[in-house]
Structures are given as C-alpha cells and as structure tokens.
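Load the model in your viewer and keep the selection tool at hand. Each stop gives you something to pick, then tells you what is there.

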Amino acid sequence: MASDKNLVSPDANLKPDDFRHIGIDERQAEVIQRESLSAWRDSWERLRQNKMAMTALGILGLIILAAIFAPFFSKFNYYSNDLLSTNKPPSSDHWFGTDDLGRDIFVRTWYGARISLIVGLAAAAIDLFIGVIYGGIMGFFGGRVDNIMNKISEILYSIPYLLVVILLLVVLEPSLGTIILALTITGWITMSWIVRGEIMQLKNREFVLASRSMGASSKRLLFKHLLPNAVGPIIVTITLSVPNAIFAEAFLSFLGLGVQAPIASLGSMISDSLTGWMYYPWRFLFPAILISLTMLSFNIFGDGLRDALDPKLKK
Amino acid sequence: MGMARYVANKFFYMVVSLFVLISATFFLMKAIPGDPFTAEKKIPPEIRARLYEQYGLDKPLYHQYFKYLGEIVQGDLGVSMKRLNQDVTHLIGQTFSASLKLGVIAIIVSVIVGVFLGMMAALYHRKFIDSAAMVLAVLGIAVPSFVVASLLQYVFAYKLHMFPVSGFKGPMYYFLPVAALSAQPIAFIARLTRSSMLEVLHADYIKTAKAKGLSWAAILSRHVLRNGILPVVTYMGPMTANIVTGSVVIEQIFGIGGIGKQFVEAIGVRDYTVIMGITIFYGVLLMVARFITDIAYVFVDPRIKLTGGKEG
C-alpha cells in the first residue's frame, strides 16, 4: 500500500530503538468495549426515545399519584352531602364545584379515578393470572389438551363480552368486588391466546430443547424459559386491557350496574352528571376529561411499549 | 378443509355459543332469590300455587329448562314481569326499528368515513394529513363514546342549536347520535385501512400496474382500494358488537326509544324476563354478525387457506 510510507513524516527521524515489542495479548481480543445491554435495557432505551409514549407514561404517573394523594389536600371528603351548596360552579372553596348533593367534585373526581384505576388494574391482574395459566397449559402441552381447552375458550369468547358482564351483575348485584369478578369472567381469554401463541412458537426453539435434554421439569421449562421470553406481548396486552376495563366499568355505570353511591368512579360520576349537565357542565367536564386522558395515555403508552418491546413489528 | 366444512364448523360454534348463553341466562335468573311473584303484598298460598301451575314453576328445574329452550326456538321470549301483558318478543319488535336505523346508518358512515380517512393517511404518508388523521384515530379509540356523545350534544345542540337535543323524529335527529356511535369504529377502520394500504402501495403488482402505464385513478380504485380494505371485512363483526353495545348508552343520552333504552329501563327495575329476552336477542344478533364476518372474509380473500378451525 502506497500510503504506508507516508504514515510517519520523514522529519520525525525515528530510530529502531524508539520502537518496543509489546506482543499480542490474546485476552484483549475478546474484551467487550461497550456496555452490554440486557433486552430490558435495550427496550427501555427504545421506549425512552418515543416522546409520545414517555409523555403518556408521565401523565399516567401523575394521574396515579393524584388519585392516591389529591383527596388529602382538600378539606372535603367524597361522601358528605352539603345541601346548602348544591350544584355550585368551581370556586376557591370547591375547586371543581359541587354536585347535586353538594359533594365536592375535586375530591370525588380523584377518588373516582382511584376506583376506576383499581377496577382497571385489578381486572387486568386477574386476566393476567388466569390467562397465563390457561394459555400456558394450552401452548405447552398442545395436542388434545390444547384442542379441547381452545374450543372451550373459543365458545366462551363468541358470547358477547358485555352481555355476560351485565347478566352476572344483574344477578350478583354490583359492588367493587363483583364488578371486577364480572369483568374478568371472560376477559382473560385474549390473554390466554396471546400466551398460547407465544409458547407454541418458543417451545420448539433450541434453548428449550437444550434445557429439556438436561432434564428440566415441565414446570421449570414453563416458568424459567418459556414465560419469561413471552413477557413482552403479555405486558403490552395488560397495558391495553386496563383502559378496556375502565371503559367497561363506566359503561356499566350507565346501566346502573357500576359502583353504587356513595362510592364514585369516573364512569358513575359522568353518568350521574348527565341529568342536568347542560346547566352544570363542570359536573360532567372534570371526570370526562380525566377518564379520556387516562384511557388515551394507556393506549398511547401501550402502543409505544409494543414498538419498544418488539422492534420487528415496527414499520 | 373445504369451504362447506369451514362454514359448518363456524356454524357449529355459533350454535354452541348461543346455547351456552341461553342456558347461562336461564340458570343465572333461577339463582336469584325470590320468584316473579315476590311482592310487597303477600299472595295467599292457594293463589301462589295456581300461579306456579299456570307458569309451570311447580315442575322440576330440568323440565322448566327444556320448556324455556323450546319457547326460545319458537321465538317466544316470555312476558314482562313488571308491565302487564307486555310480551317481550313484541316489545323487541316494537323498539327494534329505531335501533336498527341508528345502527345501520352508523355502520355505513363508519365504513365510508373510516376507509376515506385511512386511504388519505396512507396516500399522504408522513405528511400533515397522515398525522392529523392518526391523531383523530387515537382520540376516537381512547375517548369513550358517551363522552363524545355528551360533548356533541352540548356544543351542537345546546350551545349552537344546530341539531335537536334529543328524540328521533327525522333526519336532523340522526346526526349527533350517529356521529357519537361511529366515532370509535371510524378510528379503528382508519387505522386498519391505513396500515394495510401502506403495505399494498409497496406491493409489486402496484409497481407493475404503474409500469404498464395505468392511470393513477385506475390503480387506486382497481388495485389499492380493493386490496387495502380487506382487513376492514374482519372488523365487521367486532364493529357490530361495538355499535350495538354503544347504542345502549347513546339511546339513553339522546332519548331515543330503541331496544337499548328498554334494556336500561328493564335493568333499572330488574324486569328479569325483559333482561333475558333482550340479552338473548343481542346475543343472536352479534353471533350471527360474527358468523357472517368469518364467512365473508374467506369469500373476499381467496388467498386464505382453510386449515383447521382457527381463523388465520
């Protein structure tokens, strides 16, 4: 190569003594220069670059914090009636105004957000629990077990979701517990299908074969190898199922099957406000904005999470 | 697996699911404490026994169950428990036309507006129209329909007086409920159409069509649109479910006398036979819509291979 000669300037006047033999250190060849990123760190880095998703996450964090702590900062509570100050517009006293029984809407809105979030998160958690077990068994064992269990889930899934929920609540009478129960009665099916699909793909991979050939038990294979690798889609499904449960609870409030007074959820507040909200728009506006913002944030964050956890999907 | 077997398989599932739903309604209603004749005023035991005999409640449970199944097959959903001489089938028949009108218009509007928005977003990919359409779509999916309905009612009916606040007496009454009901389906369809059209626009056969000199209009209508709206067909079933359940709340907000309103009222006073009847009616409607969707999808997309019972 011609350029080799020009690497050292002719004026440098180097002598052979200026050079030292350092040899080759075999160990240096394999040194990892850059920090190694776990799959989680990698996904997190991708998620962090998604401004929309991070904004949504921030808003969700704020909503959750406010739902827990905001009611403490007001001198009012969510259940006391004050019939001398009903349907008052927002003021320095009642920040979001009062409702038809003189209850403070600021406190009720955040308290309602707490209930809505509890319903959404609890329903998602139970869906996760049942869905992972049912889907894990279907995917892992396959064959006839899978065939029968899959047929059962398909039959249950064909029955319109909200109809089942309504029927159950008409019989059980709505309370926080029965609402969560009713929402999960067929809500876990989607999760079980996601888990089943993931496990079926994963179980034929080499690392599973390797573990199996070393004598790993079915339980170990499922919980140590298969499920941890299916965690991405599972998390995305949970994130997107929370707003669905929140919406379903709000929908039930319109049928009189949501949480019962004096407990409030965002849905029940909106439903209650509709009788006179032309004249008292604040009764509707604050819970409506909060429920929309919550559902919007969960949806945007869920979409961002999907892109971050599975870069292959990204267009 | 041939077409006939596929259809038979789907049909079988529909019937089984329907059977499960009907049985569930029967046994759930039987699980409620008390009976139709539990009232504040005590009924003398002799009259109670006569009433039981008349309605077959003195027979064993399985006997009542099969009688109930038989009646449903014949389209007899029983009599209202709260309203005198109100036949449930008749009640549904009376109120169905308003709900049907609302639902059908909402479906048509959803498909047309949704496909148009999705198409524009795909054609102007990464331009302003694309982002604007997708922001609208995200909002449409996330904001609950009852919030949309109330806002529309407040702004356009109450403040601007452009449309009537409630009722269902003429075309002007349709705008707001239809808009509220189709907001979410429009958003879904726009997203589906956009992503599938983006895929189609990059397909080789579009390049071929361009290369052989077809006009852009012909390419769009003959190739892009036809292939791009295929996924929308799969959404028809869920969309029907969405619109039917959505109409329950929308009818309430806009004071439309459809089935949804009857349903809410029946739940309010725990009129169990009406609740059961409307549940079964909705169930049949939605499951048939799902069945048709499953079949239609195979017909419109010849690429789908019929393997196994699972939808591909």
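Predicted model: local features only at pLDDT ≥ 70, side-chain atom pairs only at ≥ 80, totals over all residues.

**Stop 1: a covered helix**

Select residues 259–268 of chain B, which form helix 11. How many of its 10 residues are buried? Seven are, so colour them now: B:Ile259, B:Gly260, B:Gln262, B:Phe263, B:Val264, B:Ala266 and B:Ile267. Next, show what covers them. From chain A, the cover includes helix 6 (161–172) and helix 11 (231–254). From chain B, it includes helix 4 (88–123), helix 10 (230–253) and helix 12 (272–300). Then pick B:Arg270, which follows helix 11 of chain B and has a positive phi, near 50°.

**Stop 2: a helix crossing**

Keep helix 4 and helix 10 of chain B on screen. Their axes come within 10 Å and cross at roughly 135°. The two helices are therefore oblique to each other. The crossing is right-handed. On helix 4 of chain B, select the contact residues B:Ser99, B:Leu102, B:Gly103, B:Ala106, B:Ile107, B:Ser110, B:Val111 and B:Val115.

**Stop 3: an aspartate in a loop**

Move to chain A and select A:Asp104, in the loop between helix 3 (51–69) and helix 4 (105–141). Is A:Asp104 buried or exposed? A:Asp104 counts as buried, because its relative accessibility is 3%. Its side chain reaches the backbone nitrogen of A:Phe106 at 3.3 Å. Beyond its neighbours within four places in sequence, A:Asp104 is in contact with A:Ser74, A:Phe76, A:His94, A:Trp95 and A:Gly97.

Conventions
Residues numbered from 1 in each chain as written. Chains lettered and ligands numbered in written order. Heavy atoms only, no water. Buried < 20%, exposed > 50% of the residue type's maximum accessible area, 1.4 Å probe, protein only. Helix = DSSP H or I, 4+ residues; strand = E, 2+ residues; numbered from the N terminus. Contact = heavy atoms within 4.5 Å. Axes fitted to C-alpha atoms, helices over the stretch in contact; angles between N-to-C directions. Parallel < 35°, antiparallel > 145°, perpendicular 65-115°, else oblique. Left-handed = near helix turned anticlockwise from the far one by under 90°. Polar contact = N/O pair within 3.5 Å; in protein donor to acceptor, adjacent residues only side chain to side chain.
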